[in-house]
Amino acid sequence: MIQEIDQEYIAHTYARFPVTFVRGEGALLYDEHEKQYIDMGAGIAVNTFGAADAVWREAVASQLGKLQHTSNLYYTEPCAKLAEALCRRTGLKRVFFANSGAEANECAIKAARKYAFMKYGDESHATIITLKHSFHGRTITTLAATGQDAFHTCFGPFTEGFAYADPEELESLEKIASANNCCAVLFELVQGEGGVRPLSLPYIEEIKRICEKYGLLMMIDEVQTGNGRTGSLYCYEQYGLSPDVVTTAKGLGGGLPLGAVLFGERTKDVYDPGSHGSTFGGNPVCCAGALSILDRLDDALFAEVKRKGELIKDLLSDSDEVTEITGLGLMMGIKTKRPAKEVAMACLEKGVLVLTAKDKIRLVPPLIISDEQIKEAIDILKETLKENSAN
Ligand SMILES: *Cc1c(COP(=O)(O)O)cnc(C)c1O
């Protein structure tokens with residue numbers, strides 16, 4: 001019934017799985033027939049502490065009972081406190097709140113352009129380098145920033161001023177930086193939608209070197225890798241980087257829409273009143289929820305995230321059906337002999353939710369998933385992989 005109404009009245013932008021969820025608890029979800037599923041997706045890396053997390057719910061409900069929204073012409077406590085916490089934890093200096101990953105990246109892209117304008121006095125250094133296989137969002141500009149041809153059909157003309165470097169070619173960055181008037185490099189440390197592909201250490205070092213040599217802003221898209229997902233608050237910490245701009249969203253709000261752009265010393269004063277804004281950005285309910293998430297993203301949890309990531313790898317290591325495992329912490333890509341889409345559907349039938357990214361199975365479970373739930377889910381995943389060779 002619901003599925004028929006949805007099919008009739010919702011624009012067909014999603015190829016939905018044939019399941020309707022009604023409630024959840026931690027890493028478990030239940031459909032309308034009370035069938036239970038182990039959630040290895042957390043939305044898409046969104047429900048950081050799982051479904052209906054009590055602490056988050058209390059923070060959200062409490063703020064909801066006081067005030068659901070004011071315009072950004074006024075001060076409210078949750079967004080100020082969240083920005084302070086993000087800056088204290090990262091050493092970055094100021095925050096802009098948006099409502100999604102794409103919006104956070106739009107804000108970062110505008111900031112890079114304005115930074116260059118202020119530096120050169122004109123729009124001569126507008127080019128932003130992004131990487132092939134990247135994903136930065138669905139707006140016309142963030143699609144332009146996305147380095148995948150598949151996203152560049154039928155929606156042109158796109159925003160100009162992006163050049164794509166190949167993360168498999170060490171020299172590609174310098175070629176682009178020396179041939180164009182650039183202002184920034186925007187990249188993911190683990191390319192999520194592109195197939196859970198971690199950048200290599202030498203390539204990360206090269207980005208750092210090129211940013212220094214050409215005076216480019218280092219802008220890291222942590223929409224998916226951030227907020228504890230990869231085993232540290234933000235993934236860049238694991239590589240000792242000092243980014244000028246960090247964008248994030250997905251897991252930050254714990255399930256409510258919230259994006260953020262964190263500005264470093266060089267970029268913190270790029271925006272002045274009127275130069276950027278958002279009606280809903282920094283919503284007090286979303287920010288109150290996010291504060292309750294951030295409070296609990298600590299070293300003990302990060303150690304658990306890393307350990308559970310290793311546990312998943314161990315459990316998969318004896319499967320002949322798995323050809324490659326990539327990723328960091330609880331953000332994993334698994335290449336399987338059986339086509340990923342087929343595996344995801346077979347897992348769903350057996351009560352396990354997995355995602356795909358390109359030709360891989362993608363696992364981004366809630367960070368609080370238990371070892372038992374992981375073991376059960378991976379057992380079922382391996383079962384569905386074996387059905388391949390049985391056919
Ligand atoms: C999901 C994602 C985005 C887009 O986020 P939305 O909230 O869907 O706009 C941007 N960048 C990366 C790295 C992402 O994973």
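Reply: Let's start with a term: a polar contact is a pair of N or O atoms within 3.5 Å. Keep in mind that this is a predicted model.

With that cut-off in hand, look at Phe-135: one of its backbone N or O atoms lies 3.2 Å from a nitrogen atom of the ligand, which means the pair falls within the 3.5 Å limit. Ala-102 also uses its backbone, with an N or O atom 2.8 Å from an oxygen atom of the ligand. Asp-221 brings in its side chain instead: a polar atom there lies 2.8 Å from a nitrogen atom of the ligand. As for how covered the ligand is, on its own it would expose 380 Å², and the protein buries 82% of that.

Now step back to the whole shell. Besides Ala-102, Phe-135 and Asp-221, the ligand has Ser-100, Gly-101, Asn-105, His-136, Gly-137, Glu-188, Val-223, Gln-224 and Lys-250 around it. Sorted by class, that shell is made of six polar, three nonpolar and three charged residues.

Which helix gives the most to the shell around the ligand? That's helix 5, running over residues 101-120, and it supplies three residues.

Conventions:
Residues numbered from 1 in each chain as written. Predicted model: local features only at pLDDT ≥ 70, side-chain atom pairs only at ≥ 80, totals over all residues. Heavy atoms only, no water. Near = heavy atom within 4 Å. Polar contact = N/O pair within 3.5 Å; in protein donor to acceptor, adjacent residues only side chain to side chain. Areas by Shrake-Rupley, 256 points an atom, 1.4 Å probe, with all protein chains shown as cover. Helix = DSSP H or I, 4+ residues; strand = E, 2+ residues; numbered from the N terminus. Nonpolar A, V, L, I, M, F, W, Y, C, P; charged D, E, K, R; others polar.
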